[in-house]
Structure formats: C-alpha cells, structure tokens
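Here is a briefing on one structure. Look at the sequence and the model first, then read the points below.

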Amino acid sequence: MGEVDKKQLEDLVRKEVTKLFEAVLDYTSIAVSDTNTFKILRGRILRIGNDCIRTIISELECYDVKSLDISDDIIEIKK
C-alpha cells in the first residue's frame, strides 16, 4: 500500500506546486507589460517550478509513505 500512498503524495505535490507557479505567472503577466520580458520570466518560472517538483519527488524516494485515515467525525465533550 505504500507505493499507492507515495503516488498520491507525488500527485498532490505536482498539483500544488503547479498551482503556485500558475498564480505567480498570473501576477507576473499583470506586473510585466513587455511581452519579451514576460516570455523570459515565464520560462524561468516554469523551469524553477518543474525543477522543484522533480526535486521533491526525488527526495520522497528516501521515505516510506503511508497515508493516515483521517475521520471527519466531530467529537463533542460535555462538562
């Protein structure tokens, strides 16, 4: 079951880091009006984001990953 959990964590890392650099690109497109400058920044941002994803996933190989089964139950304590 550890490989399935690790794959789920890898997918989550990809998704969240991708959301991060998409947001950065969105703000950059607003802040930088020059198309050529934006293209250069876009390439650098995408490269850094993808490198980050690859590094995190590579580091995960050093760990045994097991997801915890978290319940949504609410426990109420009365005094």
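Lysine 7 is partly exposed, with a relative accessible area of 43%. Here buried means under 20% relative accessible area, exposed means over 50%, and partly exposed lies in between, with a 1.4 Å probe and protein chains only. The model is predicted: local features need pLDDT of at least 70, side-chain atom pairs count only at pLDDT 80 or more, and totals for chains, interfaces and linings use all residues. Residues are numbered from 1 along each chain as its sequence is written, and side-chain values use heavy atoms, leaving out hydrogens and water.

- Lysine 7 pairs with aspartate 11 in a salt bridge (a side-chain nitrogen of Lys or Arg within 4 Å of a carboxyl oxygen of Asp or Glu), and their closest N and O atoms are 2.9 Å apart.
- The two residues sit 4 positions apart in helix H1, so about one helical turn separates lysine 7 from aspartate 11.
- Aspartate 11 is partly exposed, at 36% relative accessible area.
- Arginine 14 also forms a salt bridge with aspartate 11, with the closest N and O atoms 3.6 Å apart.
- Arginine 14 and aspartate 11 are 3 residues apart in helix H1, so about one helical turn lies between them.
- Arginine 14 counts as partly exposed, at 35% relative accessibility.

- Aspartate 51 forms a salt bridge with arginine 54, and the closest N and O atoms are 2.6 Å apart.
- Both residues lie in helix H2, 3 residues apart, which is about one turn of the helix.
- Aspartate 51 is partly exposed, with a relative accessible area of 35%.
- Arginine 54 is exposed, at 53%.
- The structure holds 4 salt bridges.

**Helix pair**

- The chain has 2 helices and 0 strands; these are DSSP runs numbered from the N terminus, with helices (H or I) of at least four residues and strands (E) of at least two.
- Two packed helices are described by the angle between their axes and the distance between the axes.
- The axes of H1 (residues 2-31) and H2 (residues 35-60) come within 10 Å and cross at roughly 165°.
- Axes are lines fitted to C-alpha atoms, for helices over the stretch in contact, and angles run from 0 to 180 degrees between N-to-C directions.
- H1 and H2 are therefore roughly antiparallel, a label for angles over 145 degrees.
- The crossing of H1 and H2 is right-handed, meaning that the near helix is turned clockwise from the far one by less than a right angle.

**Contact surface**

- Residues of H1 that meet H2 include Leu9, Val13, Val17, Phe21, Val24 and Leu25; contact means heavy atoms within 4.5 Å.
- On the H2 side, the contact residues include Phe38, Leu41, Ile45, Gly49, Ile53 and Leu60.
- By class, the contact of H1 with H2 has 15 nonpolar, 5 polar and 4 charged residues.
- Nonpolar covers Ala, Val, Leu, Ile, Met, Phe, Trp, Tyr, Cys and Pro; charged covers Asp, Glu, Lys and Arg; the others, Gly among them, are polar.

**Phenylalanine 38**

- Phenylalanine 38 lies in helix H2.
- Phenylalanine 38 touches Leu25, Thr28, Ser29 and Val32, not counting residues up to four places away in sequence.
- Phenylalanine 38 and leucine 25 are 13 residues apart in sequence and 8.9 Å apart in space, C-alpha to C-alpha.

**Whole chain**

- Buried residues make up 19% of the 79 residues in the chain.
- Of the contacts with a separation of 6 or more, 68% join residues 24 or more positions apart.

Technical notes. Parallel < 35°, antiparallel > 145°, perpendicular 65-115°, else oblique.
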